[in-house]
Amino acid sequence: MLHREKLERPDYVYPADEWRMVEKRFYPRLLAQNETFFSTANGYLGMRGCFDEGTPCFSNGTFVNGFYESWPIVYGEEAYGFARTGQTIVNVTDATIIKLYVDDEPFYLPTANLVDFERVLDMQHGTLHRDLLWETPAGKVVSIKSRRLVSFEHRHLAAITYEVTVLNAGAPLTISSEMVYRHGAKNDDGDPRRHRGFAERALHPQQNYSKDRRVVLSHATKRSQMTLACGVEHSVATECSYSVETRCSEDEAKVVFSVAAQPGESFRITKFIAYHTSRSAPVAELCERTERTLDRAARQGFEELRQGQRRYVDAFWKRSDVEIRGDTSLQQAIRFNLFHILQATARAEGVGVPAKGLTGEGYEGHYFWDTEIYVLPFLTYTEPRIARNLLKFRHSMLDKARQRAREVNQKGALFPWRTINGEEASAYYAAGTAQYHINADIVYALRKYVNATGDNEFLYEVGADMLVETARLWRDLGFYSERKNGQFCIAGVTGPDEYNTVVNNNTYTNLMARENLWYAAATIETLRDKRRVRYQALVDRTGLEPHEVDEWKEAAASMYLPYDEKRGIHPQDDDFLDRRPWDFENTPPDKYPLLLHHHPLVIYRHQVIKQADVVMAMFLLGDEFSMEEKQRNFDFYDPITTGDSSLSACIQSIEACEVRRIEKAFEYSRYALLMDLADIGGNAADGCHIASMGGTWMVVVYGLAGFRDYGGRFRFGPIPPARAEEIRFPLTLRGQILDVALGREGITYTLREGDGLTIWHFDEEIRLSPEDPSCSREHAEA
Ligand code: BGC
């Protein structure tokens, strides 16, 4: 149950529009969240949607994925094996700023007399626009148009055009295009979802220089020893006469255009912005790379970049769009979610997906299980290449995970609960390190990817090592308990639900670990029997002993799962049912999320849940529960699940669909869909909830269309959509594209591309082929 005030979508702020998020007025109250929503990013580089002029501003933010500074975690009381190195994404040099002065009067949005204002995140073109008309106190009417893009095609590049026209008079204009590195302040507000900030500067100046209208500033971090160069170049289009002056110092640079504007004549600058970062390259080299990026961009010009952007985004929508017929506002919200996933992942090469993408500093730019369980399903079924990159990135952290397993006295590998550089960065072990399920989540995503794509080579080349090491960890972590009839138990772990920590036999963890062990054993046996050379190489890399595989199988076969006969449910862990019920009746809506109002111990001793846990397992491993079990579990857990994590509502919606609690399914789906737009968590200012955005796609595909992919079998079990007349989406399955159209009367499956595909509609097998590409079925009676 969601213990929240009524949900409202602020339609008056963002009028319904299929492809665009449009803001028609400037709402100071929504300044912070709009900076998040109007962010532009490409998975490598991200810029919050702050106004070009730099003010007013809640939090300027430019981020490079994986560019962080580390810091020693200081504990009041130390203990062996605690995580040592905190990592925080750095808010890097801000190159977005373009200040405007007309008759030497600064343009300042909050006090300006705005005749017209429109800001648009154009999700079809991949650009951010702002058009406004300002009447100066002297009666001059100034048109200001800006266009911003962070290029999907050119990973290191962003560009802004800024065009000023004084419509009814001549005037001296000053346009100051700036770059600045500001070191922020430490943040001590006690909200663990926010970022901590740095007490001292994170970036230390290295080279800085200017050449005509070009400036390059470079910096390095001290502890993580990363290097960064940021450069800008300008081109001008105008009939007006102007002069230029360039200045730069260590943390700041300005290219100032002084223009004699004629009535109706426009002055337009295009600012090309490039970032290069490295863990090893010296700054001088990064500066060179930056200049090369700028040279090429300036040669191409903005228009060509814009067209390239459009092509990229077109291709994205072709393979990933969810079309909603008959409800524009729903359509907009879905596309908003999908577009932000694109922005968080498109060029995330050799890095992960931060919990907030690159839209804010919330959760410090860390990578969590959010990537594998919430974002990868979307990518696996729409852009498997990116899913593969992300799995490969996890694999690149395997050595650190091995090291971490040793630190916590275990064999195999333990992936960090939260991290940027592969080291565990969670300073609160109970809700951090203890979430060993991250290992199984990664393996789950790997299996899903392999089943969906048939990319066995990836499994054998890259996945196998992760399988060996994660299986080893589980085998070593668990034990055969006499008190549980010799079954294999896993004690002292935390499941997905962070309101019950360090528990014994978390059902989710045991189920997922079992799956992990099975998959590891089956894969290694196939390799051993069919790919001898690969197998030998794997043995060589991992020191695998033949008896290990048998041990994994034995542990999986004896895995203990808590079960309560009386209720016919799976308790979340061994002691869950012994805890005290939470007094929901006397907890007013403003006391949620509970974590901001109660000591963790108070929460831990109650039967209260932050986010889907057993219900999550029912979704991920649905073929291991009967429908009756699912219904009983759902009905038991639903009333005690607060949804205090944004990761919950989507999963609750999917399972409500499955157990046919239809009204709840739609209610939760709205929460998932509007998690950001309606600012349900009250923290949209700190960045988008990327996991929930991925969850929104899952609600459509796994919830409404009832798609399931257990064991590589593609099965649908749809229910009619409520508000929409029809929902259409494509899935990439084994390199083929299947279009699904879900209507009120029934569902149609069409093979758009490919040489033949077998799918299931409930238990009916359907074969689609180029000759016979389409098949429709009516909805079953409720
Ligand atoms: C959730 C985690 C999640 C993290 C980052 C927390 O509030 O409980 O499951 O991984 O946020 O999104």
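Reply: A helix here is a DSSP run of H or I with at least four residues, and a strand is a run of E with at least two, both numbered from the N terminus. The model is predicted.

Me: Where is Pro-593 found?
Reply: Pro-593 is in the loop between β23 (580-581) and α12 (600-604). The peptide bond from Tyr-592 to Pro-593 is cis, with omega near -5°.

Me: What is omega for the peptide bond that joins Thr-55 and Pro-56?
Reply: Omega there is about -5°, and the bond is cis. Pro-56 sits in the loop between β3 (45-47) and β4 (62-64).

Me: Why is Asp-104 called exposed?
Reply: The cut-off for exposed is over 50% relative accessible area. Asp-104 has 62%, so the label is exposed. Asp-104 lies in the loop between β7 and β8, and its phi is near 65°, a positive value in a residue other than glycine.

Me: Why is Asp-679 called partly exposed?
Reply: Buried means under 20% and exposed over 50%, with partly exposed in between. At 21%, Asp-679 falls in between, so it is partly exposed. Phi of Asp-679 is also positive, near 45°, and the residue belongs to the loop between α16 (662-673) and α17 (690-704).

Me: What is the strand order in the open sheet of 9 strands?
Reply: The order is β1-β9-β10-β11-β12-β19-β16-β15-β14, paired antiparallel. Its edge strands are β1 (20-23) and β14 (204-211), as each pairs on one side only. From one strand to the next, the twist averages 10°.

Me: How many bridges join β1 to β9?
Reply: There are 4 bridges, and the two strands run antiparallel. With at least two required, β1 and β9 therefore pair. Val-22 has Val-120 in β9 as its bridge partner.

Me: Which helix lies across β19?
Reply: Helix α2 (283-320) does, running at about 135° to β19 (266-278). The strands it lies across also include β10, β11 and β12.

Note on methods. Residues are numbered from 1 along each chain as its sequence is written. This is a predicted model: local features need pLDDT of at least 70, side-chain atom pairs count only at pLDDT 80 or more; totals for chains, interfaces and linings use all residues. Side-chain values use heavy atoms; hydrogens and water are left out. Axes are lines fitted to C-alpha atoms, for helices over the stretch in contact, and angles run from 0 to 180 degrees between N-to-C directions. Contact means heavy atoms within 4.5 Å. Buried means under 20% relative accessible area, exposed over 50%, partly exposed in between (1.4 Å probe, protein chains only).
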